[in-house]
Amino acid sequence: MKKTIIECQNVSFTYEHSTVLEHTSLEVKEGEFWALIGPNGSGKSTLLKIILGLLKPDTGTVKLFGQNIESFKQRERIGFVSQKSNAFNLGFPATVLEVVKSGLTRKVGLFKPFSKQDEETAMNALRIVKMEQFARKNIGELSGGQQQRVFIARALVGKPDLLIMDEPTVGIDQQNVTSFYTMLKGLNREHGIAILLVTHEIDLVTDLASHVACLNRTIHFHGVQSEYKKMDDADISSWYGHPVRRIHHSSTEVEE
Ligand code: ADP
């Protein structure tokens with residue numbers, strides 16, 4: 001039986017006077033690919049911060065890999081990639097390989113030199129995201145989509161079981177978004193890494209994810225992708241807060 005790796009039960013959270021999450025429950029099992037979708041301001045990032053242990057819920061419980069979050073110590077099992085950072089567009093002088101190796105600092109310790117083995121681990125992570133040919137390039141020379149692949153490789157060097165991403169395709173042009181998502185699907189299928197991807201998109205990622213959770217202050221739908229796809233646009237609009245129309249792709253896979 002598949003083990004549960006994220007379990008949020010009845011989580012509520014209030015910033016000063018505004019309640020952002022109420023009775024929010026989410027369950028992610030090993031090897032699953034979840035799209036957590038919702039409009040802007042619906043509490044997606046807040047829920048991620050709670051799962052990452054950066055915010056403490058007012059009520060409810062959070063378990064990671066079966067352990068209460070308060071006592072969870074295996075941080076390396078979780079990789080995190082945020083929205084595209086602009087810091088590297090300013091000509092920051094680091095190669096792609098250096099950026100990926102910097103993900104190992106927690107393991108090797110700051111200021112200790114990297115070993116040959118570390119270099120190989122970083123190259124392997126670049127191979128997984130199909131970016132090995134860019135290893136010696138300056139990160140600032142890459143496109144937004146390529147940079148995000150590098151940040152995924154950086155998150156992969158610690159060999160996580162779960163990759164959490166917050167709107168990773170913001171600022172990436174649509175053409176590259178498609179191949180980025182297809183790469184994620186491969187990561188999930190071929191390497192068995194569970195994915196929790198937060199997005200306000202309601203189409204493309206839900207074609208690739210195995211499961212979908214719809215959040216707007218609370219969870220309005222939580223289930224397998226095929227059930228999400230069967231819902232009417234009117235059902236989605238009712239919790240989304242304004243009318244939405246999904247694009248119906250002819251296939252559930254996007255060509256790379
Ligand atoms: P999403 O990621 O879905 O866009 P967020 O979790 O970022 O939503 O935000 C949910 C709501 O909480 C929004 O109304 C936002 O303005 C508010 N919010 C987010 N962060 C803070 C904060 N640090 N202090 C007060 N309100 C906040």
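**Close-up views of a predicted model**

**View 1. The whole protein chain.** Among contacts in the protein chain between residues at least 6 apart in sequence, 71% join residues at least 24 apart; a contact means that the C-beta atoms, placed from the backbone, lie within 7 Å. This is a predicted model: local features need pLDDT of at least 70, side-chain atom pairs count only at pLDDT 80 or more, and totals for chains, interfaces and linings use all residues. Residues are numbered from 1 along each chain as its sequence is written. The protein chain has 9 helices and 10 strands. Both are DSSP runs numbered from the N terminus: helices are H or I with at least four residues, strands are E with at least two. The C-alpha atoms fill a box of roughly 50 × 45 × 40 Å along the principal axes. The radius of gyration is 18 Å, which agrees with the value near 18 Å for a compact globule of 256 residues. That radius is taken over C-alpha atoms, and the globule rule is 2.2 Å times the number of residues to the power 0.38. Of the 256 residues, 36% are buried. Buried means 20 or more other C-beta atoms within 10 Å of the residue's own; exposed means 12 or fewer, partly exposed lies in between, and C-beta atoms are placed from the backbone.

**View 2. An open sheet.** The order of its 4 strands is β2-β1-β4-β5, with antiparallel pairing. Two strands pair if DSSP finds at least two bridges between them. β2 (18-29) and β5 (67-68) stand at the edges with a single partner strand each, so one side of each has no neighbour in the sheet. Strand β1 (residues 4-15) pairs with β2 in the antiparallel sense over 8 bridges. Within this pair, isoleucine 6 stands opposite valine 28 of β2. Valine 11 stands opposite threonine 24 of β2.

**View 3. Helix α1 against the sheet.** Helix α1 (residues 44-51) packs on the sheet and touches β1, β2 and β4 (59-64). Its direction makes about 120° with that of β1. Axes are lines fitted to C-alpha atoms, for helices over the stretch in contact, and angles run from 0 to 180 degrees between N-to-C directions. Of the 8 residues of α1, 6 are buried, so the helix is largely enclosed by the rest of the structure. The buried residues are Lys44, Thr46, Leu47, Leu48, Ile50 and Ile51. Glycine 53 follows α1 and has a positive phi, near 80°.

View 4. Asparagine 10 is not a glycine, yet its phi is positive, about 55°. This residue lies in strand β1. Asparagine 10 has 14 C-beta neighbours inside 10 Å, so it counts as partly exposed. Glutamate 16 is not a glycine either, and its phi is positive at about 45°. Its place is the loop between β1 and β2. The hairpin of these strands has 2 residues between them. With 4 C-beta neighbours inside 10 Å, glutamate 16 counts as exposed.

**View 5. The shell around the ligand.** Tyr15, Val20, Gly38, Asn40, Gly41, Ser42, Gly43, Lys44, Ser45 and Thr46 surround the ligand. A residue is near a molecule if its C-beta atom, placed from the backbone, lies within 6 Å of it. α1 gives the largest share of this shell, 3 residues. By class, the shell has 2 nonpolar, 7 polar and 1 charged residues. Ala, Val, Leu, Ile, Met, Phe, Trp, Tyr, Cys and Pro count as nonpolar, Asp, Glu, Lys and Arg as charged, and the others, Gly among them, as polar.

Technical notes. Two residues are in contact if their C-beta atoms, placed from the backbone, lie within 7 Å.
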